[in-house]
Amino acid sequence: MEALKAAGLRLVLDTNQIVGAGSRWLVFGRGYLQSNPHVRLLRLTATEHTGLYCDEIIDEYLEKLLQRGHPPDRARRLTAYIRGAFEAVRLVSTQAPFRPRDPDDEVFLLCAIDGDADYLVSEDRDLLELGDRYARPVIARCDAVLSDLESRRHLAE
């Protein structure tokens, strides 16, 4: 698995991916893993690729999980999992070349740029609309990225 991870892709997951995955899978395990594409994306990113985060992103993940009613202990456990499985990025850029309409989305672009990400995964229309302006990272929806990651996994087997 480490060889796969070393040769894998670098990804930043927008908050909607983490909220979509939720924290329930931490309790219910494998069955839930297969039925939720956001959980599959999160797990593939953590185990076979390199997920990227910065402190501002972790703070937003936690805030949105709590706002949506996730139990605080599970929300903290999920963000701790991400901190342990993903790579921290120190932001040096202060402004994205092409800025999203929502200023809160810019940190995801900055993390992807400074972390040399292959993908920024989002369902956010404001970020997706910027996709044609960036050659890298590719800004794409969960289903497209998950398809790519799963096909790479099958090729490696």
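A residue counts as buried under 20% relative accessible area, as exposed over 50%, and as partly exposed in between. With these cut-offs in hand, the predicted model can be read from its overall make-up down to single residues. The chain holds ten helices and five strands, and buried residues make up 46% of its 157 residues. Of the contacts in the chain with a separation of 6 or more, 66% are between residues 24 or more positions apart.

The five strands form an open sheet in the order S3-S2-S1-S4-S5, with parallel pairing. Its edges are strand S3 (87-88) and strand S5 (138-140), each of which pairs on one side only. Strand S2 (residues 50-53) has partners that can be followed residue by residue. S1 and S2 run parallel and are joined by three bridges, with Val12 opposite Leu52 in S2. S2 and S3 also pair in the parallel sense, over two bridges. Here Leu52 has Glu87 of S3 as its bridge partner, while Tyr53 stands opposite Ala88. In a regular strand the side chains alternate between the two faces of the sheet. In S2, Thr50 and Leu52 point one way and Gly51 and Tyr53 the other way, and all are buried.

Helices come next, beginning with one that lies over the strands. Helix H8 (residues 106-114) lies across strand S1 (10-13), S2, strand S4 (119-121) and S5, and runs at about 170 degrees to S1.

Helix H6 (residues 55-67) has end C-alpha atoms 18 Å apart, in agreement with the 18 Å that its 13 residues should span at 1.5 Å a residue. Its buried residues are Ile57, Ile58, Glu60, Tyr61 and Leu65. Seen down the axis of H6, these buried residues fall within an arc of 160 degrees, so they line one face of the helix. The elements that cover them include S1, helix H2 (15-21), S2, H7 and H8. After H6 comes Gly69, which has a positive phi, near 85 degrees.

Arg74, Ala75, Leu78, Thr79, Ile82 and Ala85 are buried in H7. These residues cover an arc of only 135 degrees around the axis, which puts them on the same side of H7. Asp73 and Gly84, on the other side of H7, are exposed.

Two packed helices are described by the angle between their axes and the distance between the axes. Leu42, Arg43 and Ala46 in H5 meet Leu78, Tyr81, Ile82 and Ala85 in H7. The residues of this contact divide into six nonpolar, no polar and one charged.

Arg43, found in helix H5, brings the text back to its opening cut-offs. Arg43 has 28% relative accessibility and therefore counts as partly exposed, since that class lies between under 20% and over 50%. From C-alpha to C-alpha, Arg43 and Ile82 are 9.8 Å apart in space, although 39 residues separate them in sequence.

Technical notes: Residues are numbered from 1 along each chain as its sequence is written. This is a predicted model: local features need pLDDT of at least 70, side-chain atom pairs count only at pLDDT 80 or more; totals for chains, interfaces and linings use all residues. Side-chain values use heavy atoms; hydrogens and water are left out. Contact means heavy atoms within 4.5 Å. Helices (H or I, at least four residues) and strands (E, at least two) are DSSP runs, numbered from the N terminus. Ala, Val, Leu, Ile, Met, Phe, Trp, Tyr, Cys and Pro count as nonpolar, Asp, Glu, Lys and Arg as charged, and the others, Gly among them, as polar. Two strands pair if DSSP finds at least two bridges between them. Axes are lines fitted to C-alpha atoms, for helices over the stretch in contact, and angles run from 0 to 180 degrees between N-to-C directions. Buried means under 20% relative accessible area, exposed over 50%, partly exposed in between (1.4 Å probe, protein chains only). The arc is that of the directions from the helix axis to the C-beta atoms. The expected span of a helix is 1.5 Å times one less than its number of residues.
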